[in-house]
Amino acid sequence: MADPEAVGRAFLDYFYGLFATNRAGLASLYQDSSLLTFEGAKFQGQQNIIQKLSTMPFQKVAVQRDTVDIQPSISGGILIFVTGKLMPEGEVQPLKFSQTFHLMPTPSNSFVVTNDLFRLNYG
């Protein structure tokens, strides 16, 4: 298996790079069985997930990762937990967030997101 730490960090660079400016470009990371829980609302499937991510109330956002924890999962995937801040374009206060990803390998030696959990952290 590939080094989970290296795969996880490369995934995060790619994911948050697209999340910042082109969320529709994230479609290849999800499949029809993928699940997103966003602030308690559940979305399943590539089309529903990208629809949710693409209709957020901002077009561009800066993402700052404060902490990143990465572990191999016993199912052969990679579990990633991130805390950080989002700074939507035109806003003055950052939004604290936490996000968890479960990545699974594909037959073509890449990874897809099977689970994605996102929460804003208030307080």
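Analyst: Take Phe-38 as the opening case: its relative accessibility is 12%, so Phe-38 counts as buried. The cut-off for buried is under 20% relative accessible area. Keep in mind throughout that this is a predicted model.

User: Is Phe-118 buried or exposed?

Analyst: Phe-118 has a relative accessible area of 5%, so Phe-118 is buried. Across the protein chain, 40% of the 123 residues count as buried.

User: How should I read a pair of aromatic rings?

Analyst: The general idea is that two values describe such a pair, the distance of the centres and the angle of the planes. In this structure, a search of the whole model finds ten aromatic pairs. For Phe-11 and Phe-101, the ring centres are 4.9 Å apart and the planes stand at 75°, so this pair is edge-to-face. The cut-off behind that word is an angle over 60 degrees.

User: Where in the chain do Phe-11 and Phe-101 lie?

Analyst: Phe-11 belongs to helix 1 (residues 4–21) and Phe-101 to strand 5, so the pair ties together parts that are 90 residues apart in sequence. Phe-11 and Phe-101 are both buried.

User: What kind of pair do Phe-38 and Phe-118 form?

Analyst: Their ring centres are 4.6 Å apart and their planes are at 5°, so the pair is stacked. Here the cut-off is planes under 30 degrees apart. This pair also links distant parts of the chain, with Phe-38 in strand 1 (residues 30–38) and Phe-118 in strand 6 (residues 111–120), 80 residues apart.

User: Which residues form one aromatic cluster?

Analyst: The cluster consists of Phe-11, Phe-15, Tyr-16, Phe-19, Phe-38, Phe-97, Phe-101 and Phe-118. Both pairs we looked at have their residues in that list.

User: Let us look at one member in detail. What is in contact with Phe-101, leaving aside its neighbours within four places in sequence?

Analyst: First, its place: Phe-101 is in strand 5, which covers residues 95–105. Its relative accessibility is 0%, so Phe-101 counts as buried. Its contacts beyond the sequence neighbours are Phe-11, Leu-12, Phe-15, Tyr-16, Ile-78, Leu-79, Ile-80, Val-113, Asn-115 and Asp-116. For a sense of distance, the C-alpha atoms of Phe-101 and Gly-8 are separated by 9.4 Å, while the two residues are 93 apart along the chain.

User: And what does Phe-15 touch, not counting residues up to four places away in sequence?

Analyst: Phe-15 is part of helix 1, and its relative accessible area of 0% makes it buried. Phe-15 touches Leu-26, Leu-29, Tyr-30, Gln-99, Phe-101 and Asp-116. From Phe-15 to Phe-111 the count is 96 residues in sequence, and the C-alpha atoms are 12 Å apart in space.

User: What should I look for in the backbone angle phi?

Analyst: The general idea is that most residues other than glycine have a negative phi. Glu-39 has a phi near 55°, a positive value in a residue other than glycine. Glu-39 sits in the loop between strand 1 and strand 2 (41–44). With a relative accessible area of 29%, Glu-39 is partly exposed.

User: Where does Asn-109 lie?

Analyst: Asn-109 is in the loop between strand 5 and strand 6. Its phi is also positive, about 65°, although Asn-109 is not a glycine. Asn-109 has a relative accessible area of 73%, so it is exposed.

User: Now the whole chain. How many helices and strands does the secondary structure come to?

Analyst: There are two helices and six strands. Read from the N terminus, their order is α-β-β-α-β-β-β-β. The radius of gyration is 14 Å, close to the 14 Å that the globule rule gives for 123 residues, so the chain is as compact as a globular protein of that length. Along the principal axes, the C-alpha atoms fill a box of roughly 40 × 30 × 25 Å.

User: What share of contacts joins residues at least 24 apart?

Analyst: Among contacts between residues at least 6 apart in sequence, the share is 45%. As for the surface, the accessible area of the chain is about 6900 Å², and 54% of this belongs to carbon and sulfur atoms.

Key. Residues numbered from 1 in each chain as written. Predicted model: local features only at pLDDT ≥ 70, side-chain atom pairs only at ≥ 80, totals over all residues. Heavy atoms only, no water. Helix = DSSP H or I, 4+ residues; strand = E, 2+ residues; numbered from the N terminus. Buried < 20%, exposed > 50% of the residue type's maximum accessible area, 1.4 Å probe, protein only. Contact = heavy atoms within 4.5 Å. Rg over C-alpha atoms; globule rule 2.2 N^0.38 Å. Areas by Shrake-Rupley, 256 points an atom, 1.4 Å probe, with all protein chains shown as cover. Phe/Tyr/Trp six-rings, centres within 6.5 Å; stacked < 30°, edge-to-face > 60°.
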